[in-house]
Amino acid sequence: MEKFVIKGPCKVKGVVSVSGSKNAALPILASTLLFNKTVKIKNLPKVKDIETMINLLRSLGSKISFSQNKRIVKIKNYKIKNFFASYSHVKTMRAGILVLGPLISRYGLATVSMPGGCQIGVRPINYHLSGLKKLKMNYKIKKGYVHANAKKIIGSKIKFPKISVGATENLIMAATLANGKTILKNCAIEPEIKDLVNFLKSAGAKIKWTGKRTLEIYGVKSLDSTSYSVMGDRIEAGTFCIASALTQGNLEVCGLKPEIINTEINLLKKIGAEIKTKKNKIIVKGSKKIKNLKLLSTKEYPGFSTDLQAQFMVLLCKAKGRSIIKENIFENRYLHCAELRRLGANIIVRNKKAIILGGANFEGAELMSSDLRASVALVLAAIAAKGKSIIHRIYHLSRGYENLDKKLKKIGVDIKKIR
Ligand code: UD1
């Protein structure tokens with residue numbers, strides 16, 4: 001199994017470009033099932049989750065061809081004959097459930113493996129299912145699969161009981177080809193959802209934001225051919241910004257509109273980093289003194305992202321003074337804490353809260369990755385630690401970070417991938 005060997009401490013310097021957003025590309029790819037015309041998608045990130053979604057689409061009958069080093073994909077979904085999303089495709093990537101909305105909307109038939117939980121939480125799909133039921137999808141859960149059918153998806157009014165990114169996406173896709181009007185209230189408004197909406201609108205979907213968290217969707221008969229470029233990855237951008245703040249670096253992070261991660265940029269300023277923003281660029285200079293944060297709570301967008309919680313914790317471990325993080329989105333997203341302690345961090349976890357005592361002088365150690373974002377937090381900590389660290393199970397990282405080792409090497413990190 002591959003591992004990273006990192007020799008620290010390193011300062012990150014120079015320019016790094018973020019890849020296309022994995023979390024935007026996944027629903028956009030799933031939504032191509034709604035089309036009977038050719039769709040071109042650009043700026044795809046080369047990460048494992050995208051490969052898994054492509055394989056899932058191919059297993060349903062999608063004709064897919066790549067160009068430009070796999071960053072551009074042409075998809076023809078004229079002949080979907082299979083409506084079965086297998087366990088083997090969905091088990092490694094929960095976003096596999098996103099084919100349910102489009103399949104049921106266009107074909108009235110879908111059997112999709114239940115995604116199950118993962119290390120960070122139970123992650124049920126009850127809001128996806130209850131929402132689709134309101135649009136007249138019938139379903140049964142049998143032997144680990146959602147067996148769904150519908151004569152026709154019919155528009156309705158739905159208020160999500162809790163904000164969910166995936167449920168909002170599934171319902172947007174299903175409502176796009178529905179009969180009549182759908183109103184979705186209490187939607188997630190993550191930038192990736194806006195990217196999905198813009199993609200569908202570029203193909204003629206009738207979708208309108210009528211309130212901060214309200215969408216009105218008028219079902220259309222079919223979608224037109226379109227070509228669309230996926231937004232930059234805000235979590236990758238945030239991760240690199242944190243790397244610079246952590247290591248007294250001087251880094252230019254390119255490929256994302258800075259306002260998308262305003263919340264995180266303001267937090268980095270608060271802990272002492274110097275930040276300048278330009279049109280598609282964030283320049284982060286790390287300060288010698290990192291200030292603590294009394295309370296940092298994860299929240300739905302535009303709040304502080306749960307996907308950057310682990311990385312921010314690394315920064316707070318080095319801060320002067322005590323900080324508290326409260327994880328409000330997932331119930332088990334502190335797996336990185338035990339590993340950070342191995343480097344010298346002083347963290348106490350109490351239910352949703354992690355108390356970080358600060359002032360840690362990290363020293364290199366052997367570390368075990370547990371999930372995508374926790375793994376990248378370990379990489380950041382190893383960059384800041386004195387001496388050699390070995391990070392095991394880095395396959396988690398390839399799910400969502402493109403060429404992480406190559407990008408880090410280019411900005412001054414002593415990192416090697418070994419077997
Ligand atoms: C997406 C992102 C993930 C991010 C998360 C929260 C993708 C591919 N993944 O995941 O990186 O961390 O948003 O920003 O875009 N919930 C239910 N019932 C449901 C659906 C969700 O109880 O039917 C709960 C979840 O368990 C979780 C919370 O709602 O506690 C938020 O989950 P959700 O926004 O749906 O996350 P995902 O779409 O799975």
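So, how many salt bridges does the structure hold? There are 11, counting a side-chain nitrogen of Lys or Arg within 4 Å of a carboxyl oxygen of Asp or Glu.

Before I go on, some housekeeping. This is a predicted model, where local features need pLDDT of at least 70 and side-chain atom pairs count only at pLDDT 80 or more, while totals for chains, interfaces and linings use all residues. Residues are numbered from 1 along each chain as its sequence is written, and side-chain values use heavy atoms, with hydrogens and water left out.

Okay, salt bridges. R399 pairs with D49 at 2.9 Å, N to O. R399 sits in the loop between α13 (395-398) and α14, and D49 is in helix α2 (residues 48-60), so this pair ties together parts that are 350 residues apart in sequence. Helices here are DSSP runs of H or I, at least four residues, and strands are runs of E, at least two, numbered from the N terminus. D49 is buried at 2% relative accessibility, while R399 is partly exposed at 26%. For those words, buried is under 20% relative accessible area, exposed is over 50%, and partly exposed is in between, with a 1.4 Å probe and protein chains only.

Next up, R333 and D307, with their closest N and O atoms 2.8 Å apart. R333 is in the loop between β19 (323-326) and α11 (335-343), and D307 is in the loop between β18 (295-297) and α10 (309-317), 26 residues apart. Both ends are buried: R333 at 8% and D307 at 15%.

Then there's R342 with E339, at 3.9 Å, N to O. They're 3 residues apart in helix α11, so about one helical turn separates them. E339 is buried at 15%, but R342 is partly exposed at 47%. Going back to D49 and R399, shared partners join them with K22 into one network.

What about charge on the surface? A patch of positive charge gathers K7, K46, R58, K70, K388, K406, K409, K416 and K417. Patch residues have over 30% relative accessible area and no salt bridge, with like charges joined within 9 Å; the charge is placed at NZ of Lys or CZ of Arg. α14 (404-410) and β24 (414-418) each supply at least two residues of the patch, and K409 is in α14.

Last one: T168, in helix α6 (residues 165-176). T168 is buried at 0% relative accessible area, and its side chain reaches the backbone oxygen of S164 at 2.6 Å.

Definitions and conventions. Patches are made of residues with over 30% relative accessible area and no salt bridge: like charges are joined within 9 Å, nonpolar side chains (Val, Leu, Ile, Met, Phe, Trp, Tyr) within 5 Å. Accessible areas come from the Shrake-Rupley method with a 1.4 Å probe; for residues, only the protein chains shown count as cover. Lys and Arg count as positive and Asp and Glu as negative; His and the chain ends are not counted. A polar contact is a pair of N or O atoms within 3.5 Å; within protein, one must be able to donate a hydrogen and the other to accept it, and residues adjacent in sequence count only if both atoms are side-chain atoms.
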